[in-house]
There are 2 protein chains.
Amino acid sequence: MSVSELSSAAQDYLKMIWSATEWSATPITVGAMAERMGVKPSTVSDGIRRLAKQGLVTHAPYGSIELTRTGNDHAVEMVRRHRLLETFLVKVLGYGWDEVHDEAEILEHAVSATMITRIDELLGHPVRDPHGDPIPSPDGQLRPPQGVRLAAVDPDRPLTITRISDADPDMLRYFTELGLAPDTRLTVLAHRPYADVTTIRLPDRDLDIDLGPSAAESIWVIAS
Amino acid sequence: MSVSELSSAAQDYLKMIWSATEWSATPITVGAMAERMGVKPSTVSDGIRRLAKQGLVTHAPYGSIELTRTGNDHAVEMVRRHRLLETFLVKVLGYGWDEVHDEAEILEHAVSATMITRIDELLGHPVRDPHGDPIPSPDGQLRPPQGVRLAAVDPDRPLTITRISDADPDMLRYFTELGLAPDTRLTVLAHRPYADVTTIRLPDRDLDIDLGPSAAESIWVIAS
DNA sequence: CAATTTTGTTAGGCCAGTCTAACATTCATG
DNA sequence: CATGAATGTTAGACTGGCCTAACAAAATTG
């Protein structure tokens, strides 16, 4: 069975379960899924039961939610679609990197495998999307991205942004205003734990910025 | 209310009702709609009732089906989406003109108004799609295409194909094999009514072809 | 023009996906 | 470690979109 034959809701559930473990080991909860999808927990609970019946996840009541092999394959395929579409929207249709998430979220359920292949070719087989997230290959391989969370790096080292989480569009627009994007260079001046603030410097723009904890968790960097 | 807020099925119904009167004055029937959409007549009958309840069509039981002003606007918007997407798939993603119909049929329900605008700009505001069908402007205007059905033209005049109906993908593939496409030049040698055959000549390829009635009804030409 | 055939509608059922409300389980903390 | 809070599940209802079966209307035709 191809991923295209799954309902849109099923595709969303699988992708979300997979995504939950991409950047941290904490497993997803029903409540978190419901909140992120904008539905009630009872809906998700029900949906997970249907997914389990189709052999895409394993789940006992009140137990953890795990993707089966098949479920994982479908999830990765959806992630590939999403990230290729985001890249396509930016590179070909001139979208801003902060504008593509919602559009890709809908298109990923509608495009054919053929179209994904053509987009991949047109873009020259990109390996990272506009937020710096790795794009899985057609056979589901994906290279884990380099980098650590900005919140976790030592001060005074030259850094380059490798990834910015696309979870919160408003935050992305804020980052865009500040000039923070993948490949932006910066230095952490200091973490101030009790103020919950990380101060960074953008040497190219000669600008210092204070970031709150959610921002500092959303930005991933590598030494440059 | 925007066309995007309609269900996929509602969008399909409206587009089909509109399309039925684009090339001929015969109004659409419930049975014809059911067949073209691959559902049972009872489903369409029901769907039409829902559309009427939303004020998108007028319909009395056993009566004719007419689009309201709003319904017509939405239908034209869907046609615009469909034709722009077909053009985009051919021009940007390298699809064959005979391959785009089904992909566009799905995408038209998923793309945002923003994306349609960007595609339109990228393509330089095209006025005809790959089959020669006119693309409505953003405000719903569309210039009726020139041309008459091949079945209706006099023999021995130099003609150019302006439009090929995209209703039947198999026929399109057959036309592609024969080298018949929009802008192909040809001459009708003869209509042979009792054999139900129209013989045409392609001067550029020095080739004579016999076409059946459905083919001769699907190809529109203009004097060249 | 009456009978038959064709076409369209209604009734009733099913499924997925959503909801609210009630209930069950697990977790956290005093 | 017991209890209350947080989290998850189930039950029951609703909607849209589909179905089949039964019925109604319209069109065709002998």
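Residues are numbered from 1 along each chain as its sequence is written, and chains are lettered from A and ligands numbered from 1 in the order in which they are written. In this predicted model local features need pLDDT of at least 70, side-chain atom pairs count only at pLDDT 80 or more, and totals for chains, interfaces and linings use all residues, while side-chain values use heavy atoms, with hydrogens and water left out.

Biologist: How many residues surround DNA strand D?

Modeller: A residue is near the strand if one of its heavy atoms lies within 4 Å of it. The closest are Gly31(A), Ser45(A), His59(A), Ser7(B) and Thr43(B). By class, the surface has eight nonpolar, eight polar (Gly among them) and two charged (Asp, Glu, Lys and Arg) residues. The number surrounding DNA strand D is 18.

Biologist: Which residue in strand 8 of chain A is the bridge partner of Val148(A)?

Modeller: Strand 3 (residues 148-149) and strand 8 (residues 219-223) of chain A run antiparallel, joined by two bridges; strands are DSSP runs (E, at least two residues), and two strands pair if DSSP finds at least two bridges between them. From strand 4 (residues 158-164) of chain A, five bridges reach strand 8, also antiparallel. Ile161(A) stands opposite Val221(A), and the bridge partner of Val148(A) is Val221(A).

Notes
Helix = DSSP H or I, 4+ residues; strand = E, 2+ residues; numbered from the N terminus.
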